[in-house]
Amino acid sequence: MSIWKYANPKQFMQTSAWALRWLVPLTAVLMVLGLVWGFFFTPPELRQGSTVKIIFLHVPSAMIGINAWLMMLVASLIWFIRRHHVSALAARAAAPIGATMTLIALITGAIWGEPMWGTWWAWDPRLTSFLILFLFYLGYMALWAAIEEPDTAADLTSVLCLVGSVFALLSRYAVNFWNQGLHQGPSLTVAQKQHVADAYWYPLMICIAGFIAFFVTLVLLRTRTEIRARRLQALLARERMG
Amino acid sequence: MQGDLDLGKYQMTVLSAWGAALVLIVALVALTLIRGAKVRRALEAAEARKGKDQ
């Protein structure tokens, strides 16, 4: 059984409808549990005080902001190589979610930075690459909206996605590449299990799981809408031709 | 796990960060659902017209 069968819009609609029946309640439970735990049931940190509670939104949204673009990159490559329309539409569907998550990371980071660093903003490598990533998201969505012919739009946005991937990766690794700037190193790494105390670690893990489920749920919902919109366009074009 | 909602001197900082993030998340969900419903209705109407014509 090939995974490419899901590139068939009809098959995708059937499978995603089944998956959403589980994903929607799972997302709701994880988001509510993680955010309520993080906000109401975590103690203030010794140096950061209660601002530590911002971590439960800032870290998961930043992770999704970066990884949404990488998901779009994979979908764009599939479009380039195999010309599956569902993959191009999935990339388009993911962009507003990634943009919103990147914006949340930027806003919460600025608000958190003011009392901790004494400034809302600094032209720090990670912050700057994150801002550029957000601008790439805006450009990507604008390009989709500006081009009427869907295959041409998919081609050009895929090229833009390839270029923007540099900034998605920079956003993740900027603190490692340049040993300067205000932003701390990664809070979560694979090599070292834990940089934060247990009191914050467990709700943070639930929040991250919740944000991942939230992203997958919204991508599926939005891709379904894009598939319907494509079908609607085709029907309306046929009506116009009589 | 202990309940601790004393945000202390950073109350405004924490509440504004959470408020802004939650507003954006709710807006994203609302826009997704509204556009989804709108496209779905338009498609059903177009398919019904196509069915009548055939």
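Predicted model: local features only at pLDDT ≥ 70, side-chain atom pairs only at ≥ 80, totals over all residues.
This is a short tour of a two-chain model, with something to select at each stop.

**Before you start**

Residues are numbered from 1 along each chain as its sequence is written, while chains are lettered from A and ligands numbered from 1 in the order in which they are written. For the complex, the predictor gives an ipTM of 0.90 and a pTM of 0.91.

**Stop 1: chain B**

Select chain B and colour it by confidence: its mean pLDDT is 90, and 91% of its residues reach 70 or more. Its secondary structure comes to 1 helix and 0 strands; helices (H or I, at least four residues) and strands (E, at least two) are DSSP runs, numbered from the N terminus.

Next, pick out helix α1 of chain B, residues 11-53. At 1.5 Å a residue, its 43 residues should span 63 Å, and its end C-alpha atoms are 63 Å apart, which agrees. The expected span is 1.5 Å times one less than the number of residues.

**Stop 2: where the chains meet**

How many residues does each chain bring to the contact? Chain A gives 32 residues and chain B gives 28 residues, where contact means that two C-beta atoms, placed from the backbone, lie within 7 Å. On the side of chain A that touches chain B, the elements giving two or more residues are α1 (9-40), α2 (55-82), α3 (85-117) and α6 (198-241). By class, that side has 21 nonpolar, 7 polar and 4 charged residues (Ala, Val, Leu, Ile, Met, Phe, Trp, Tyr, Cys and Pro count as nonpolar, Asp, Glu, Lys and Arg as charged, and the others, Gly among them, as polar).

Show the buried residues of α1(B): B:Thr13, B:Val14, B:Ala17, B:Ala21, B:Ile25, B:Leu28 and B:Leu43. A residue is buried if 20 or more other C-beta atoms lie within 10 Å of its own, exposed if 12 or fewer, and partly exposed in between, with C-beta atoms placed from the backbone. These buried residues pack against α2, α3 and α6 of chain A. Of the 54 residues of chain B, 15% count as buried.

**Stop 3: helix α1 of chain A**

Move to α1(A) and centre on A:Leu20, where there is a kink of about 35 degrees (the bend is the angle between axes fitted to the seven residues ending there and the seven starting there). The buried residues of α1(A) include A:Phe12, A:Met31 and A:Leu35, and the buried set packs against α2, α3 and α6 of chain A.

Also in this helix is A:Leu26, which is partly exposed, with 16 other C-beta atoms within 10 Å.

**Stop 4: a loop in chain A**

Finally, select A:Arg83, in the loop between α2 and α3 of chain A. Its phi is near 60 degrees, a positive value in a residue other than glycine. With 13 C-beta neighbours inside 10 Å, A:Arg83 counts as partly exposed.

Methods:
pLDDT = per-residue confidence, 0-100.
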